[in-house]
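Please look over the model shown below before reading the briefing that follows, which is arranged by topic.

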Amino acid sequence: MACELALLGGKPVLPKGRRLETYSSLGPEETKAVVDVMNSGVLSRFLGAWSTDFYGGPEVVAAEAEFAAHFESKYAVSFNSWTSGLTAALGAMHIEPGDEVIVSPWTMSASATAILEWNAIPVFADIDPSTFNLDPRAVERLIGPRTRAIVAPDIFGHPADIHGLRAIAEPHGIQLLSDTAQSPGALDHGQYAGTVADIGGFSLNYHKHVHCGEGGVAVTNSSDLAERMRMIRNHAEAVILERPGFPRENMIGKNYRLSEIHAAIARQQLRKLSFQVAGRQEVARTLTAALQGLSGLTLPVVRSGYSHAYYVYGMVLDSKELGIPRRRIVEALKAEGLDLVFEGYQALHRLPIFRERLAYGSGGYPWSGAPEPIRLEPPSCPVAESMHDEAFLGISMCKYELGSDDLAIVISAFHKVWEHLDALA
Ligand SMILES: *Cc1c(COP(=O)(O)O)cnc(C)c1O
């Protein structure tokens with residue numbers, strides 16, 4: 001007879017006092033790169049004036065060339081975060097105050113707040129329940145005369161349906177911004193995720209596949225979009241007079257510059273990316289083979305033509321079929337030692353900033369300043385809401401090593417909890 005659930009006083013699968021091993025992508029290569037930059041004496045070479053240094057120092061320039069080459073994109077533009085990158089991307093796309101930008105509610109907040117940066121209006125469209133990405137049919141219903149762009153996150157690492165979105169967007173001249181923060185290295189019909197949209201881009205923060213402290217990199221095949229992003233990144237307004245004829249809309253100079261130290265680390269991290277993604281894919285294959293057949297549990301899908309970068313291994317729980325609330329199952333898994341399991345993810349449209357329209361000041365701006373009537377009713381995204389509140393169950397893949405021993409523990413804990421579901425009911 002299997003031992004009893006740890007939640008009910010039994011012995012946990014992961015012995016007490018032991019933790020699942022955490023993962024670090026940092027090694028001596030990064031340390032050496034940092035020391036080399038320190039010894040060069042140049043920690044950032046950006047100059048907010050029209051000169052060669054306007055585009056940054058040697059590490060920044062080299063990092064951008066390497067990211068562009070790696071992702072087979074014509075241009076890569078670095079930033080001090082991907083939040084900055086998203087903001088610069090929308091500015092480069094000429095998003096105007098009062099424009100509407102359609103975005104997923106099932107994403108990190110910056111996908112939507114970047115829209116507010118330009119006084120534009122985020123319009124939330126519901127997600128597909130199997131990939132958790134924007135559902136093109138839900139997007140189509142929300143397209144109006146002021147829709148200018150779509151922000152499509154590749155959530156958890158599965159590329160969004162950019163082709164489906166493009167078919168809807170193109171007839172209206174709507175631009176596509178791919179938020180590929182969680183899917184670096186995932187493929188969409190042989191092309192890297194992020195390079196299929198007008199602009200895509202990656203985050204280099206601590207939680208992502210590869211990291212450099214803080215940072216972000218946009219990729220695009222448009223020289224215009226790339227140059228406008230570079231201008232916004234580095235005090236555009238200070239150099240615009242020296243560039244007569246350069247489009248001046250949204251050239252409100254920011255400082256979104258990446259330092260030489262961060263760029264040097266990012267270059268080393270990029271070399272490790274493919275290996276890491278392959279490792280996560282292997283872990284996911286093992287999980288899927290082992291968890292297949294657990295009742296009421298739907299495992300991640302990978303649509304034909306795509307590969308998945310597995311930032312998160314995302315599952316859907318049918319609590320009704322099981323007759324047990326998700327909270328109880330998660331508690332049982334955690335009690336067995338699985339810190340890496342989490343429930344729910346995000347329902348951005350319900351955050352007070354969007355629901356109560358309290359962003360700039362207290363007067364409801366930019367919603368109240370939108371030049372013509374827009375959809376002001378509270379947005380509703382029933383799929384995202386039920387996933388967040390009841391059904392979604394995730395395994396964090398980036399923070400953990402998940403070598404064969406730990407993976408065996410994760411798998412045994414799931415099986416043990418499922419064998420004792422009666423005791424949880
Ligand atoms: C991490 C993340 C961001 C923000 O990236 P930062 O570099 O932390 O600013 C944006 N979108 C998604 C989907 C993310 O996961």
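Is the crossing of H11 and H14 right-handed or left-handed? The crossing of these two helices, H11 and H14, is right-handed, where a crossing counts as left-handed if the near helix is turned anticlockwise from the far one by less than a right angle, and as right-handed if clockwise. This is a predicted model, in which local features need pLDDT of at least 70 and side-chain atom pairs count only at pLDDT 80 or more, while totals for chains, interfaces and linings use all residues. Residues are numbered from 1 along each chain as its sequence is written, and side-chain values use heavy atoms, with hydrogens and water left out.

**Helix packing**

- Helix H11 (residues 326-335) and helix H14 (residues 404-419) cross at roughly 130°, and their axes come within 9 Å; helices are DSSP runs of H or I with at least four residues, numbered from the N terminus, and axes are lines fitted to C-alpha atoms over the stretch in contact, with angles running from 0 to 180 degrees between N-to-C directions.
- That angle makes H11 oblique to H14, given that angles under 35 degrees count as roughly parallel, over 145 as roughly antiparallel, 65 to 115 as roughly perpendicular and the rest as oblique.
- Helix H1 (residues 28-40) packs against helix H9 (residues 260-291) at an angle of about 155°, with the axes 9 Å apart, which means that H1 is roughly antiparallel to H9.
- The crossing in which H1 passes H9 is right-handed.
- H9 also packs with helix H2 (residues 58-70), at an angle of about 25° and with the axes 8 Å apart, so H2 and H9 are roughly parallel to each other, and their crossing is left-handed.

**Ligand surroundings**

- Around the ligand there are 13 residues, of which Thr-83, Asp-179, Ser-203, Asn-205 and Lys-208 come nearest; a residue is near a molecule if one of its heavy atoms lies within 4 Å of it.
- The shell around the ligand is made up of 3 nonpolar, 8 polar and 2 charged residues, where Ala, Val, Leu, Ile, Met, Phe, Trp, Tyr, Cys and Pro count as nonpolar, Asp, Glu, Lys and Arg as charged, and the others, Gly among them, as polar.
- Ligand oxygen atoms lie 2.5 Å from a side-chain N or O atom of Thr-83, 2.7 Å from one of Ser-203 and 2.9 Å from one of Lys-208.
- The protein covers 93% of the 380 Å² of accessible area (Shrake-Rupley method, 1.4 Å probe) that the ligand has on its own.

**Backbone details**

- Tyr-365 and Pro-366 are joined by a cis peptide bond with omega of about 10°, and Pro-366 is found in the loop between helix H12 (352-355) and helix H13 (382-391).
- His-235, in the loop between helix H7 (223-233) and helix H8 (236-239), has a positive phi near 50° although this residue is not glycine.
- Most residues other than glycine have a negative phi, and most peptide bonds are trans.

Terms used: Polar contact = N/O pair within 3.5 Å; in protein donor to acceptor, adjacent residues only side chain to side chain.
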